[in-house]
Amino acid sequence: MGYYLVDDIYPEWATFVKTISMPQGEKKKLFAQHQESARKDVERAFGVLQSRFAIIRGPARVWHMDTLKHTIYACIILHNMIVEDERHTYGGNFDYSYDNVDNNHSTTETFSGPHPNLATRLQRRANIREKQVHRQLQGDLVEYIWERFGHEDDEI
């Protein structure tokens with residue numbers, strides 16, 4: 001199951017990774033810093049796409065998963081083409097090479113067939129709203145970020 005980086009207004013569901021509003025200890029402070037940074041980066045990137053392409057501004061809940069995926073990919077590709085065409089006007093020296101990206105690999109399992117029966121839908125809903133799974137995911141991410149980035153200050 002995938003997850004979304006969110007701020008404090010969202011509930012503690014398994015699909016949401018919230019920041020820690022008053023982090024205690026270095027591990028939790030580092031997690032909060034990385035989570036907030038990544039969430040803001042995603043918001044900015046999606047905001048750019050929304051400002052440029054009206055099709056992704058509206059609700060997409062009723063869209064078929066493949067249609068939604070292809071629409072988002074098309075908008076990203078078009079955006080990258082525009083950026084590449086206009087890059088000579090930018091002041092920075094950026095690498096826009098996307099040749100090594102694996103587009104055929106999905107990290108989340110999605111459902112795109114006929115609607116499941118009511119019992120399956122209710123079970124999925126209950127799983128998503130599981131607070132303990134939210135807390136476990138957040139704890140796992142705190143540890144992962146600490147292991148990966150926690151000792152960078154020591155190397156300076």
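Visitor: What do the buried residues of α2 pack against in this predicted model?
Guide: In this predicted model, the buried residues of α2 pack against α1.

Visitor: Which residues of α2 are buried?
Guide: T71, C75, H79 and V83 are buried in α2.

Visitor: What puts them on the same side of α2?
Guide: Their arc around the axis is only 105 degrees, so they lie on the same side of α2. On the other side of the helix, H70, M81 and D85 are exposed.

Visitor: Why is α1 called roughly perpendicular to α2?
Guide: Helix α1 (residues 26-52) and helix α2 (residues 65-86) pack at an angle of about 90 degrees. Angles of 65 to 115 degrees count as roughly perpendicular, so α1 is roughly perpendicular to α2. Their axes are 11 Å apart.

Visitor: Which residues make that contact?
Guide: From α1 come F46, V48, L49 and R52, and from α2 come I72, C75, I76, H79 and I82. By class, the contact of α1 with α2 has seven nonpolar, one polar and one charged residues.

Visitor: Which residues is H134 in contact with, leaving aside its neighbours within four places in sequence?
Guide: With those set aside, H134 is in contact with E12, W13, A14, F16, V17 and K18.

Key: Residues numbered from 1 in each chain as written. Predicted model: local features only at pLDDT ≥ 70, side-chain atom pairs only at ≥ 80, totals over all residues. Heavy atoms only, no water. Contact = heavy atoms within 4.5 Å. Axes fitted to C-alpha atoms, helices over the stretch in contact; angles between N-to-C directions. Helix = DSSP H or I, 4+ residues; strand = E, 2+ residues; numbered from the N terminus. Parallel < 35°, antiparallel > 145°, perpendicular 65-115°, else oblique. Nonpolar A, V, L, I, M, F, W, Y, C, P; charged D, E, K, R; others polar. Buried < 20%, exposed > 50% of the residue type's maximum accessible area, 1.4 Å probe, protein only. Arc of directions from axis to C-beta.
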